[in-house]
Amino acid sequence: MIRFQAGSPQEASPTCDWALEGMEEAKVGEYSIPKDRPLELQKNARPRGSMPRSQRGPSVPESKPRKPDPPAEPVIVLNGLPKPTRPRILEGFKMKNKDTKPGAMPDKNHWTVIILVFLFLCGFSFYLGGIFCSEKNRYFKRDDAPVIQSYHDIGVAPLKVKHVEFGECSLDHQDYTPCTDPKVRIVFDLVWKECLVPPPAGYKPPIRWPESKGQCWYRNVPYDWINNEKSNQHWLRKEGDKFFFPGGGTMFPNGVGEYVKLMQDLIPGMKNGTIRTAIDTGCGVASWGGDLLDHGILTISLAPRDNHEAQVQFALERGIPAILGIISTQRLPFPSNSFDMAHCSRCLIPWTEFDGIYLLEIHRILRPGGFWVLSGPPINYERRWRGWNTTIEEQRSDYNKLKLLLSSMCFKLYNEKDDISVWLKSVDSSCYSKITLSSSLPKCDDSSDPDSGWYTPLRLCLTIPSPKLKLGLNFLPTWPNRLWTTPARISTVYNGNPGGFKHDNKKWKARVKHYKALLPALGSDKIRNVMDMNTLYGGFAAALIDSPIWVMNIVSSYGSNSLGIVYDRGLIGTYHDWCEPFSTYPRTYDLLHLDGLFTAESHRCEMKYVLLEMDRILRPTGYTIIRESYYFVDALATIAKGMRWNCEKHATEYNAAKEKILVCQKRLWHATKQ
């Protein structure tokens, strides 16, 4: 089904919830289990709703009431055999006294027997209660992480599925982005399509990095709106069969290089490795994030799918990290205290409207000691207001209101020059102690998890950084030392500890070395955009840090919330649920990696739809590395063949029998009907 985000100041956009197939629906409080799941894994199924009407049995017509049958003798089960609850000693007592006259008093043995039976039944009930509580804790305890028993350990034969050839989607789906398509306005009109998204006519394998930062093939992203409407700002220009990116922007039409140089003068931490992660809201074609890569700063460029046509698609085609998104009614899919810097260059977000609720979200995701950089209205309004279709009085009022809001959120003006204003999020917790219930922006209460970023509504309250965790920018080592330093946030993750963190790093170094032997393209210029579909600490990305790639680290919205650790290491990522589509355009990643995703999520997510989504976002000639239980590997290879992938099954680095590696490559094909 589809849920629409309501209440947005802008036009609402739908968010998807895939329907699962091949699942048995059960009553509330029971479990929903696929038919082919082993019994031992049933304890990990999620509670589901009531059984659909289509699956219920025929209704039974009402009949006349009848006299109830006599109650059956209660039966309990002990050691697998039914036993009557009434002890035999009572039978003997009854037989012995069956001829007793009415009104006769029983002898002392009568009371002795009754007391003994009573004590026996009490003790036996206590014993059964202990068994029940033990079993209930086994299946329903939620404090501990679920333990999934290996298919290898329980001796289950590998899963088999029938081979199915998937057809081609129509050509108007070449840029199909479920849940973010502005043309979709009807709730029941968006159904997940069991077809392969075709590339545009004339599609070619992308230009390799680093040349791709400055150019891309026109036919791969055949959109002219930005070229026509923003030509005076030099976002891009079309020459022959290519787009070129000169590095211009609305606030830096003469090039992003000079713009970043001025910013570095205002923020010295951009030069010495203090600042490593950044987010660019309203990114355009990601020229700012692309330039920061040369300075060792990793930026997530964020933009919606709107009339600008494919901003994020241009960014990813260039090999620059980007994701579809917008600050509207929901929190951004990132944990609190994550980014070292946030940037808005005339991003058209109404920061001072709605009591500053969008600024509150920037405050939440920015770590203490982090910087918020704003260029454009109302900064430098005295010189700029004439080109903003407004009045100087309106801009002065907006600027004063912005300063007041930022001060109430414990920001202070750090530096300002020309069109750039820099604000620093306070590292001093005493600032927040001054905030009371009567303040214009109250503190968020304990019911609001500051790290929750998946379908979490925005709230008009201030998220206070935890004083117990040293998450401020001043506490982090400079890059690249922070990549291998155990983050303080490790203590917030189930079973997280420094020893486990170091073991995870060692494990992934060995795995990546094996991956490179299986896939020589890994680490070369053939692979640029990489996604780790279910990471824990970002170990896969860390092991590839010396390769010419960047990695989008995905942390499951249903798993351990370890995404903050990924950011503390100086890496980037987002929350996601693979039962839903990912927020990106088709053909945007060169390599998709997953480790046990289907073992962990197959009880919720239909395997076929996850693979179709992987095919949608994978570039033609791109690769997948699927590390999975032997139970799933053959079935995955069968489905992949129907999607026109070529796959090879390999052993792991330690030749483990219960786990296999499937390396696949997506073929480049063109639609049969152009």
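Asp175 is buried in this predicted model, with a relative accessible area of 5%. Its side chain forms a salt bridge with Arg587, and the closest N and O atoms are 2.9 Å apart.

Another acidic residue, Asp634, takes part in two of the pairs described here. Asp634 forms a salt bridge with Lys160, with 3.3 Å between the closest N and O atoms. Here too, distant parts of the chain are linked: Asp634 lies in helix H17 (residues 630-642), and Lys160 lies in the loop between helix H3 (151-154) and strand S7 (167-168), 474 residues apart. Asp634 is partly exposed, with a relative accessible area of 23%. Lys160 counts as exposed because its relative accessibility is 61%, and exposed means over 50%. Asp634 also forms a salt bridge with Lys649, where the closest N and O atoms are 3.1 Å apart. Lys649 belongs to strand S24 and is 15 residues away from Asp634. With a relative accessible area of 47%, Lys649 is partly exposed. Elsewhere, salt bridges that share partners join Asp340, Arg367, Arg482, Arg489 and Asp568 into one network. The model has 27 salt bridges.

Strand S24 (645-651) leads on to the loop between this strand and strand S25 (659-666), where Thr652 is found. Is Thr652 buried or exposed? Thr652 counts as buried, because its relative accessibility is 4%. Beyond its neighbours within four places in sequence, Thr652 is in contact with His514, Arg627, Glu659, Lys660 and Ile661.

The largest nonpolar core has 127 residues, and Phe314, Trp351 and Trp372 touch the most other members. Leaving aside neighbours within four places in sequence, Phe314 has contacts that include Cys216, Val221, Tyr223, Phe243 and Glu309. Apart from this core lies another, of 23 residues, with Met251, Met263, Ala278 and Leu476 among them.

Some of the strands can be followed in detail. Three strands form an open sheet in the order S9-S11-S10, with antiparallel pairing. Strand S9 (215-217) and strand S10 (237-239) stand at the edges with a single partner strand each, so one side of each has no neighbour in the sheet. On average, neighbouring strands of this sheet are turned by 30 degrees against each other, direction ignored. Three bridges join S10 to strand S11 (residues 242-244), and Glu239 has Lys242 in S11 as its bridge partner.

Further along, strand S17 (residues 411-417) and strand S18 (residues 420-425) run antiparallel and are joined by six bridges. Phe411 stands opposite Lys425 in S18. S17 and S18 form a hairpin with two residues between them, and Asp418 in the turn has a positive phi of about 50 degrees.

Last comes the confidence of the prediction. The protein chain averages a pLDDT of 81, and 76% of the residues score at least 70. Residues 1-106 have a pLDDT below 50, and this stretch has 152 contacts in the model beyond near neighbours in sequence. Over residues 131-149 the pLDDT also stays under 50, with 19 contacts beyond four places in sequence.

How values were computed: Residues numbered from 1 in each chain as written. Predicted model: local features only at pLDDT ≥ 70, side-chain atom pairs only at ≥ 80, totals over all residues. Heavy atoms only, no water. Pairing = 2+ DSSP bridges. Helix = DSSP H or I, 4+ residues; strand = E, 2+ residues; numbered from the N terminus. Axes fitted to C-alpha atoms, helices over the stretch in contact; angles between N-to-C directions. Buried < 20%, exposed > 50% of the residue type's maximum accessible area, 1.4 Å probe, protein only. Contact = heavy atoms within 4.5 Å. Core = buried A, V, L, I, M, F, W, Y, C linked by side-chain atoms within 4.5 Å. pLDDT = per-residue confidence, 0-100. Salt bridge = Lys/Arg side-chain N within 4 Å of Asp/Glu carboxyl O.
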